[in-house]
Amino acid sequence: MRRSKTSRPHATIPKLRVKAKKSLSYEESSIDDMENNIPFKDIPDDNIEDSVISPDNVDTNMSENELAYEKLTNEESDSTDKNSTEKINEESDYMDIDDNYIIEEVSIEDIDDPYRPLLDATEEEIPVDSDVLEEESPDFKGFDGEYGPYFPNFTSAMIFIWITKHMISTSAYEDLARILKHPRYQKEDITTNIRQIRKWRNRLPLVRVSKHDVPLSSQRTPSTCTSTKSAFTISPLIYLERILKNPMLMPEMYFGPGIVTDKKQEFWHGELWQDSLLFGEDTIENKNGESYRAGEFLKYHEKSSTVICRVRSIVVDETDNNILKLKTDTLISHEDLRNCRSTDNRHTRGKGKELWLVEGKTKLVNLASIEQRIIVWLCDMPEPETYDFYVDEIMYHFDGRWKYRNIAERHRLPCEFIKFKQPQQNLPILKIFLDIYIDDFGTYRNVYHSLGGVYLQLGNMPLTLRKQLKNHFLLGFVPFGASLNDFITPILQDIRLLENGLVMETLNGRVWVVGGVGCTTADLPQGNDLAGVKRHGANHGCRTCNVPNDQYTNSNYNFIKNARFNQQTDKRLTEIRNQNSRGNKEYLATKYGLVEPAGPFNNLQWDRHLQTPQDAYHSMAGKARTLLEATFNILNANGENAFIEYWRSIEKPAHWSRMPNPLRHRQSFMFSDVLKLVMLMPFILRRFLKPHHIKVDTLNNWRENLKIRQNSMVVSKLVTCWAIEAKTLKLAFLTIMTESIYQELQNSLKEEREILIQLFPNNFTNLPNLHVNVHLLQHARNFATLVNTAVGVKEMVHRTFKERVPHTNRKVIELDLTRQYNTIQALRHLIDGCKDHRFNERTNTLKNLSKDPKLHTILSGWYATENSSIMDADQNENSEDTVCHNENFIDLKLGNQRNIKKIKSIPGLTKKLDTNNPFFQDLYKVYRDQLGSKAALLNKNLEFYGSIAYTVLRNPPIRIKLCVGDVVEIEEESEGIAYARIKLIIRHKANNGHYYAFFAFEWFEVTNITDPILGCPLYKIQEPEQMRWFQIFTIDFVNHVPCVHFIHNCTNTCNSEHDEANRNYILNRFYYNPV
Ligand SMILES: [Zn+2]
Ligand SMILES: [Zn+2]
């Protein structure tokens, strides 16, 4: 890419280059993302050619001196020139077709992106029809003062020059403005020497960064290069200790037995935590001091009968007063066998001593109902001397019926393969769930993109904390050319220390910590590496089952019986190792689809197949991308034009960043863009698609294959397909799962597979991403939700680091970034109120900063916050003294002040209100009911704004940004959740002299009608004259980021503009906030 050349921030920016920059930055980030995200495909060759720097050059650059670097930049500029004509064409495309497309990375506004000021500049409206992009503005109202007419005063003029010269980003400037305006700011304290300021870093409580040498792979580096390189890591144990001492984090974390609950959201709600003694509980004691452990067999009474079971673990039953119970698998005798004829020899062969293990139907058992312990021999284990029963088969459910398989084909319980050491000292035990994320993309990429990162999360944190970018902890960056295995060795050594347990100092004193890797996430090929399974291209390239690669989408393939079982893989690996010839080793490795020697993860106390879940983010978005491609391919030119027209005009949520044209740029679509587009596709297609938009051959084929007579039915089928796709994606990314949602997800995944293969067999048959469907439900159950193991947010964290690369000295990128990260975490440590053990007696004043509402945004914005997609760019200067009566709503900013003349939507509304105006009456009622002010309102002036932003103080605080036209959900007493559209954002000066902000809403009325194809409910928006609903609300009625989307139910009365007389809207049930 040409980024390194063009992004160097020394050049001044003539405004005309704005466009060139824009297209460049777009191209890069998206191509980067496209390459990142190609699931199951090695980076295609043409991409390698495409990138200016080949991997070989990169290594020269990385390991050699300045000279090589210079050479590299020359090459870049050559090739930039070569492409320049082409590029100009591209630019004009951007201007014409995607005139308002702005590159805006999702939620990464806190990064000092050098492009940002340029992008901000392009937000101004540009006349589309004109050949002139910009020129002197012929008339404007100038400023009067000394620096007029251009600037109001000296300060503004200088700030403008400084911002332009150094390309200061919006967020950087806003932060600076907050500091300068803070009452404690003293200009006398300013140090002019920035080097001096940087040195203060050394005083901070930095964590230890360790260095070790890693060999560079000879395949990837020219032989002239040095053969080792320094790698830098931070130990997971160091983070653990810090986190356990952090008063903002530790009290929010959970350490305890797995919890059985209706609403599954956290790792401890999942099967894996429940069943593993490294995270959950495996022993329980009754009143008589008798203890029961995981893995044991018990008889217990249930109603009037006796049941035999095997204990999986001890769990808290949240649905039954948080009682500790035994989670068990049932064992049944031959009388209870399902789907087994009376003549079957299963009924006689065991002479009453044979039992069957029932899979997937766990039951909770009360301690009080246990009758006795019994001995059962599971026949895949060595035979005990005596036993009461034996189990040779598992009864399991597959494809709608009960089946039998050998007992050896089972996932063993963690208690069977994990050695758990009890603490030597009598200390409380804290069990730690590590979630390791590896992003090692870009082996084939240039220096800038080749950053491989390894990150840590703690599954003991609730989702609200885990999804914050600042709670992703950097373990280190994999140096380019080095292997992950070599890099990660010291980290895994520390994880093994944790598996054995160690004493640690925490907020609550000394404890015994023990734990291990709960799950690892990586994209599809890398996940296979971690599990020791060959990549998807191999004959057995699924890390969860043994499916051959020509059966990936065969719905009859029994992925349960043919799952990869950890003990089976152990055996196979030993078998491969024991071969004496290399040929035999390779033969077996290919036969089993395994990699030998397996990487360092192989030595962990874990189940390598269950704990490397397939990433739902990549597999789901990958499928959607394929469907998008397939759908565009069936459109004729007519259809393409219609699609573009309707795609442009469809109502998009206001906070979405603008998307590039999907038809033209779909190859470079980011996954987050794909997910968003999927939410709209069913509506777009439903609005426009007619048979004459589809290629004739396709229509004929479909009619024939689907046995449909009418073309219009074919069209509905395609819309249905998209509705299923959109529904499946939404279900997969729900952050709370229930038993019925699991079922719904399972059905939806099945429906999705069927219809995709039916409509687009060429695109979907044997697609590995579609194969993943069969495993997703189990992954969801193991980790509570798919979101918990999806890499959406994790990838974003990695991207924030990549974005920082241009700001490093680019020689030892890994070290620079690690050091900068270390500084941020040290500051965070102090601001969160942790004690610095070197200065125990000093009070830490930094922690008070986080309580200062004026500074909140600076401190939380280091990392992206939850909904940071709209910038406060258009805030009005004079709106800063606006307050809310609710003290948890702070830092109000109003933007886009509106002229009352432009607001025609409310009849009779004027800037200065008559006391009899119903609107004024409403406002009075709000003051009376919400603000407790009974006095008549003195001020009758209203101000109107287009947008509002405010922070809601809660843990963690959220920033809400809303515009006129946004729809919000409001808990309503009678209707449950009610929907309303923001019609006005109003500011009014109260009798007490404070300014208060209010919303005026239009409400959506339920109709009880559902759209037959989309399955989405229809609503009617209230008519303007309808004043029977109370309209004005204080801002604290909206206390969370809205997640709702309505689309006009257009009829033929809608043309270029929607017919507002048609008040019917469809609730977009496919809408969610993707991360
Ligand atoms: Zn599989
Ligand atoms: Zn319409």
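Two residues are in contact when heavy atoms of theirs lie within 4.5 Å of each other. By that criterion, Q425 touches V503 and R510, leaving out residues up to four places away in sequence. The model examined here is predicted. In it, Q425 lies in the loop between α13 (414-417) and β15 (429-439). The residue is partly exposed, with a relative accessible area of 35%. Q425 and V511 are 86 residues apart in sequence, but their C-alpha atoms are 9.4 Å apart in space.

The protein chain has 1075 residues, of which 54% count as buried. Its secondary structure comprises 33 helices and 30 strands. Contacts between residues at least 6 apart in sequence were also examined. Of these, 69% join residues at least 24 apart.

Neighbours within four places in sequence aside, T626 is in contact with N763, F764 and L767. T626 and L767 are separated by 141 residues in sequence, and by 9.7 Å from C-alpha to C-alpha.

Two zinc ions were then considered. The zinc ion (ligand 1) is coordinated by two cysteines and two histidines: C542 (SG), C545 (SG), H771 (NE2) and H775 (NE2). The distances are 2.0 to 2.3 Å. Along the chain, these donor residues follow the spacing C-x2-C-x225-H-x3-H. Both C542 and C545 are buried. What is the arrangement of the four donor atoms around the zinc ion (ligand 1)? They subtend angles of 104 to 120 degrees, so the arrangement is tetrahedral. Ideal angles for four tetrahedral donors are 109.5 degrees.

The zinc ion (ligand 2) is coordinated by H1048 (ND1), C1050 (SG), C1054 (SG) and H1058 (ND1). Here the distances are 2.0 to 2.3 Å. The angles among the four donor atoms run from 101 to 124 degrees, and this site is tetrahedral. The spacing of the donors in sequence is H-x1-C-x3-C-x3-H. H1048 and C1054 are buried. C1050 is partly exposed, with a relative accessible area of 23%.

A disulfide is a covalent bond between the sulfur atoms of two cysteines. The structure holds zero disulfides. C721 is buried, at a relative accessible area of 1%.

Helix α33 (residues 918-929) has 12 residues. At 1.5 Å a residue, α33 should span 16 Å, and its end C-alpha atoms are 16 Å apart, which agrees. Buried residues in α33 are F919, F920, D922, L923, V926 and Y927. Seen down the helix axis, the buried residues of α33 fall within an arc of 155 degrees, so they line one face. These residues pack against three strands: β25 (976-989), β26 (995-1010) and β28 (1032-1034).

Helix α20 (residues 637-649) has 13 residues and should span 18 Å at 1.5 Å a residue. Its end C-alpha atoms are 19 Å apart, which agrees with that value. In α20, the buried residues are G639, A642, F643, I644 and W647. Their cover includes α19, α21 (662-665) and α22 (671-688).

Backbone geometry was considered last. Most residues other than glycine have a negative phi, and most peptide bonds are trans. P149 lies in the loop between α7 (116-122) and α8 (154-166). The bond from E596 to P597 is cis as well, again with omega near 0 degrees. P597 is placed in the loop between α18 (582-592) and α19.

K351 is not a glycine, yet its phi is about 50 degrees. This residue sits in the loop between β8 (323-332) and β9 (354-358). K351 is exposed, with a relative accessible area of 74%. K707 has a phi near 55 degrees, also a positive value in a residue other than glycine. The loop that holds K707 runs between α23 (696-706) and α24 (711-732). At 73% relative accessibility, K707 counts as exposed.

Terms used:
Residues are numbered from 1 along each chain as its sequence is written. Chains are lettered from A and ligands numbered from 1 in the order in which they are written. This is a predicted model: local features need pLDDT of at least 70, side-chain atom pairs count only at pLDDT 80 or more; totals for chains, interfaces and linings use all residues. Side-chain values use heavy atoms; hydrogens and water are left out. Donors are N, O and S atoms within 2.8 Å of the metal (3.2 Å for Na, K and Ca); water is not among the atoms, so sites may look incomplete. Four donors count as tetrahedral if all angles lie between 85 and 135 degrees; four count as square planar and six as octahedral if opposite donors are over 155 degrees apart and all others between 65 and 115; anything else is irregular. Buried means under 20% relative accessible area, exposed over 50%, partly exposed in between (1.4 Å probe, protein chains only). Helices (H or I, at least four residues) and strands (E, at least two) are DSSP runs, numbered from the N terminus. The expected span of a helix is 1.5 Å times one less than its number of residues. The arc is that of the directions from the helix axis to the C-beta atoms. A disulfide is a pair of cysteine sulfur atoms within 2.5 Å.
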